[in-house]
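Hi there,

Here is the structure I promised to hand over. Have a look at it first, and my notes follow below.

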Amino acid sequence: MRNGRDAEHSTVDTMFIKKLLGITSGSWEASAALMAARNFELSAARDLDHARTLLSSRTILVGIIELGAAVPAEAIDLFLREHPWVTWVAACRGDTLQDERWRRLIRDHCIDYHTFPIDPARLGHTLGHAYGFAALGDTMPRLVRGGGMKMTGNSPAITALRQRALKAARAEAPVLIWGESGTGKELVARGVHENSARRAGPFVPINCGAIPAGLIQSELFGNERGAFTGAGKARIGLIESASGGTVFLDEIGDLPLDMQANMLRFLQEKTIYRLGGNRPLAVDVRIVAASNVRLEEAVERGAFREDLFYRLNVLSLEVPALRERLDDVQPLAETFFHDYACERAAGVKGFSRAALAALRAHDWPGNVRELLNRVRRASVMAEGRLIMPEDLGLTEAGAGFTLPLNGARVQAERLAIAAGLAAGKSITLLAQELGVSRMTLYRLMAKHDIKLPPRRRA
C-alpha cells in the first residue's frame, strides 16, 4: 500500500530477506532498495526463520529476497512454497543466474528479478507492479486458531467446540469425544491435553481397534517376565507409559468386552495389573476416549458396558461434521495447502474461485480427512498456477456444486482450449473452431495459464 503510515490505509510491508553475513551499511539494501521502496513500510528479516516469524504476525504481500550461496537454493525453495501469497522479487549477482537451480527458483516463485548493482528506478517500478499484482489476489491464508486449541476455523460449530474443549481441559475428569470418522477427534484430544495441567506429561494415543485381540492385554497394561512365551523381560504397557500425562483411547467402542472390564477397574481404582503380575501398580493418567459410533446405542445393543460408558462420559464433546461447518472449508484447505508446501508443484500458488466454490458445495462424506487428501493430491497434480475443481476431483456429475454463470463460462473456456490442445490441434485450427482470432486465443491461454504442449508449432 502506498504511504504505509497513512491511517486511512492498511499497512503492506515489503520484506527484505538478507544474507546471514555480508550486509554492510553501504549495501544495496541501505541505498538503492530503500530509495526504491520509500513508499512502503519495510520489515527486514535476518534469515528465513526470522522471515517466517514476520510473515506469521503481519500482512506482507510483496517481498524481495536475495539469492546466493549463503542460503541453499533448496531451503529458499521450501520457504517460498510455504508463502505463495507473497509476490516475490529476486535480487542476486549476475553469476548466480548461471546456475540452473537459481534460474528455476526465480521462474517458479518470482514475478521479476534484479541483478547487482540495483537500479533504484527500475526496482521502484517493479515493486509498484508487484504490489498491484498482489492486491488482486485472494489467497492470503486465513488460518483462524483460537486460544491454545489448534482448531482451524471460526464457524459457530467449531467456536462452540473450542470453548467446551478449553473448559474440559481445566478439569481432571475423563472426557468422551464423539464424531464421525475423519472429523479430527484426535486433534481435539490433543488440544484438551495441551491446555491441561498435564501438558508437560506425555500424550499417548491408542487405537483400540487396531491392536490384535491376543495382544491387547499386554499392549495396554504391560507384562511381567515369563508371562507368556517370548516374554523374556518385564515390559510396561501403553497406559503406564503415559504416567503424568494423558491416554487417548481412540475408537473405544471397538474394545473387546473382556478388556472393557479391565478398563473399568482401572478407571475406578487408578491401578493396573501387568499380564502375569499379582501386585497392583498405581498409574496417574487422565483418560480421554473417542468413538465414531454412539456409545449409548452400543450399550443398548449389548456391545458396550453401561458402567464403563458412564465412567467415561463425565465430560462429553461432539466434533461437528465438515458439512456442518462449511465456513471453515476454505481456511482448512489453505492450512493443508500450507502444511504440505514441500510436496506441491512449485508453480501452484493457491485455489481458483471455482475450486473454492466446489469445495464449499461438496457434501464431504469423509469430513476433514477427505478434504486433506483432496487438497494434498491437487497440490501435487495441478498443472496450472491455481488449483481448479478438476484437480480436486470435484467436477464429475453429482459433485454437488453449480457455478455462477460467469464462472461456468470461464471453466468452459479453459476446458475447451485444454481439450483442443491435448488433441493435437494447432493454434490456427483451434482458433477457427472456437470462433476467435489467434491473438484472442493466445490471450485466453494466458488468462487460464495454459501452456502450449512441447514441440508444437502454431
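Let me begin with the aromatic rings: rings of Phe, Tyr and Trp (its six-membered ring) count as a pair if their centres lie within 6.5 Å, and planes under 30 degrees apart are called stacked, over 60 edge-to-face and the rest tilted. By this rule there are four aromatic pairs. In one of them, the ring centres of phenylalanine 203 and phenylalanine 248 are 6.1 Å apart and the planes are at 20°, so this pair is stacked. Phenylalanine 203 belongs to strand E7 (residues 203-207) and phenylalanine 248 to strand E8 (residues 246-250), so the pair ties together parts 45 residues apart in sequence. Helices (H or I, at least four residues) and strands (E, at least two) are DSSP runs, numbered from the N terminus. Buried here means under 20% relative accessible area, exposed over 50% and partly exposed in between (1.4 Å probe, protein chains only). Phenylalanine 203 counts as buried at 14%, and phenylalanine 248 is buried at 0%.

A word on the ground rules: this is a predicted model, in which local features need pLDDT of at least 70 and side-chain atom pairs count only at pLDDT 80 or more, while totals for chains, interfaces and linings use all residues. Residues are numbered from 1 along each chain as its sequence is written, and side-chain values use heavy atoms, with hydrogens and water left out.

Next, charges over rings (NZ of Lys or CZ of Arg within 6 Å of the ring centre and within 35 degrees of the ring normal). The charged end of arginine 294 sits over the ring of tryptophan 178, 3.6 Å from its centre. Likewise, the charged end of arginine 344 sits over the ring of phenylalanine 337, 4.0 Å from its centre. A polar atom of the arginine 344 side chain also lies 2.7 Å from the backbone oxygen of phenylalanine 337. Arginine 344 is in the loop between helix H13 (329-339) and strand E13 (350-351), and is buried, with a relative accessible area of 2%. Leaving aside neighbours within four places in sequence, its contacts (heavy atoms within 4.5 Å) include Leu80, Arg81, Glu82 and Pro84.

The axes of helix H3 (residues 73-82) and helix H4 (residues 100-109) come within 10 Å and cross at roughly 5°. Axes are lines fitted to C-alpha atoms, for helices over the stretch in contact, with angles from 0 to 180 degrees between N-to-C directions. H3 and H4 are therefore roughly parallel (under 35 degrees; over 145 is roughly antiparallel, 65 to 115 roughly perpendicular and the rest oblique). Among the residues making the contact are Leu80 and Arg81 of H3 and Trp102 and Leu105 of H4.

Now for some backbone details. Most residues other than glycine have a negative phi, and most peptide bonds are trans. A cis peptide bond joins phenylalanine 116 and proline 117, with omega about -5°. Glutamate 251 has a positive phi of about 50° and is buried at 12%. Tryptophan 364 has a positive phi of about 55°, lies in the loop between helix H14 (353-361) and helix H15 (367-381), and is buried at 0%.

Overall, the protein has 18 helices and 14 strands, and buried residues make up 46% of its 458 residues.

Best wishes

Key:
A polar contact is a pair of N or O atoms within 3.5 Å; within protein, one must be able to donate a hydrogen and the other to accept it, and residues adjacent in sequence count only if both atoms are side-chain atoms.
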